[in-house]
Amino acid sequence: MVKISESRGNMLHGVLLVALFSCAAFYIARFPFFQRISFSPLIIGILLGMLYANSLRNRLPETWVPGIQFSAKQLLRLGIILYGFRLTIGNIMEVGWGAIVADAVIVTGTILLGVLFGKWLKMDRDTALLVSVGSSICGAAAVLGADATMVIFGTLSMFLYPFLYRNGWLGMTAHDMGIYTGSTLHEVAHVVGAGNAMGAEIQDTATIVKMIRVMMLVPV
């Protein structure tokens, strides 16, 4: 009984640490400087996570790790599921058939190109297919073996997309930028983060388009 209570206490320490980082991200995001450069709490949270992973990670008690992993996996997945509850058939119809077709083309094209490149590079066929599915649909959630590449490029795009859009280098409307963001970034978190930095309209459209891609995992 004592061991169970101690285990729960250690789990709680890790969860509270993540909660502290989350609160700090929301607080820091209110600073005028970060508002000017459109850094949302999600982006600040990722930066804080990078700071933690490269500084505090090896200095914290090992007993806190289960709570941190619980937050990074179960709680994060629950958050994405709850976020997905916002999606309705009406929302899908609002973004138009163009978004659905764009998703279908990107998913199909990426998988085919990935398999062909894998064959050219003499990769194992199953590995090439897994990487292709991960790149075309939902990143590291689709294939853990390739999460490093997907997370790096997705995180970079969270900063790059808002920068290019706000400086007018892409020449897209808010609706088009939402479709582009949702159909090209790997992870749901990357789509939400980039969309949030560009405005509510873009975030909503991008999230819907991304969820359509995620639903395509079933037929794939």
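**Exercise 1. Leu130**

Find the helix that holds Leu130, and decide whether Leu130 is buried, partly exposed or exposed.

*Solution.* Start with the location: Leu130 sits in helix H7. This is a predicted model, so everything here is read from computed coordinates. Next, take the relative accessible area of Leu130, which is 45%. Buried needs under 20% and exposed needs over 50%, so at 45% Leu130 comes out as partly exposed.

**Exercise 2. The overall fold**

Work out how many helices and strands the protein has, and how much of the protein is buried.

*Solution.* Go through the elements from the N terminus: the run is α-α-α-α-α-α-α-α-α-α-α. That gives eleven helices and zero strands. Then turn to burial, where 34% of the 220 residues count as buried. For the contacts, take pairs at least 6 apart in sequence: 67% of these join residues at least 24 apart.

**Exercise 3. Helix H6 and what follows**

*Solution.* First, the length. Lys122 belongs to the loop between H6 and H7. Its relative accessibility is 78%, so Lys122 counts as exposed.

**Exercise 4. The largest nonpolar core**

Name the residues of the largest nonpolar core that touch the most other members, and say which helix gives the most to the core.

*Solution.* The core has 13 residues, and the ones touching the most other members are Ile92, Val95, Ala99, Val107, Ile208 and Ile212. Now ask where the core comes from: helices H5 (89-95), H6 (97-120), H7 (125-138) and H11 each give two or more residues. H6 gives the most, with four. As background, nonpolar side chains tend to be buried together in soluble globular proteins.

**Exercise 5. H9 against H11**

Describe how H9 and H11 pack, including the hand of the crossing and the make-up of the contact.

*Solution.* Begin with the geometry: H9 (residues 174-184) and H11 (residues 200-215) pack at about 35 degrees, and their axes are 7 Å apart. The crossing is right-handed. Next come the residues. From H9, the contact includes Met177, Ile179 and Thr181, among others; from H11, it includes Ile202, Val209 and Arg213. Sorting the residues of this contact by type gives six nonpolar, seven polar and three charged.

**Exercise 6. Tyr161 and helix H10**

Say whether Tyr161 is buried or exposed, list its contacts beyond its sequence neighbours, and then see how much of H10 is covered.

*Solution.* Tyr161 lies in helix H8 (residues 147-166). Its relative accessible area is 9%, so Tyr161 is buried. Leaving out residues up to four places away in sequence, Tyr161 touches Leu170, Met177, Tyr180, Thr181, Thr184, Leu185 and Met198. Now move to Gly195, which is 34 residues from Tyr161 along the chain, with 8.7 Å between the C-alpha atoms. Gly195 is one of the buried residues of H10, along with Val191, Ala194 and Met198, among others. Counting along H10 (residues 188-198), nine of its eleven residues are buried, so the helix is mostly covered. H10 is followed by Gly199, whose phi is positive, near 125 degrees.

**Exercise 7. Leu76**

Locate Leu76, and give its distance from Ala189 in sequence and in space.

*Solution.* Leu76 has its place in helix H4 (residues 65-84). With 45% relative accessibility, Leu76 counts as partly exposed. Along the sequence, Leu76 and Ala189 are 113 residues apart, yet C-alpha to C-alpha they are 9.4 Å apart in space.

How values were computed: Residues numbered from 1 in each chain as written. Predicted model: local features only at pLDDT ≥ 70, side-chain atom pairs only at ≥ 80, totals over all residues. Heavy atoms only, no water. Axes fitted to C-alpha atoms, helices over the stretch in contact; angles between N-to-C directions. Left-handed = near helix turned anticlockwise from the far one by under 90°. Contact = heavy atoms within 4.5 Å. Nonpolar A, V, L, I, M, F, W, Y, C, P; charged D, E, K, R; others polar. Core = buried A, V, L, I, M, F, W, Y, C linked by side-chain atoms within 4.5 Å. Buried < 20%, exposed > 50% of the residue type's maximum accessible area, 1.4 Å probe, protein only.
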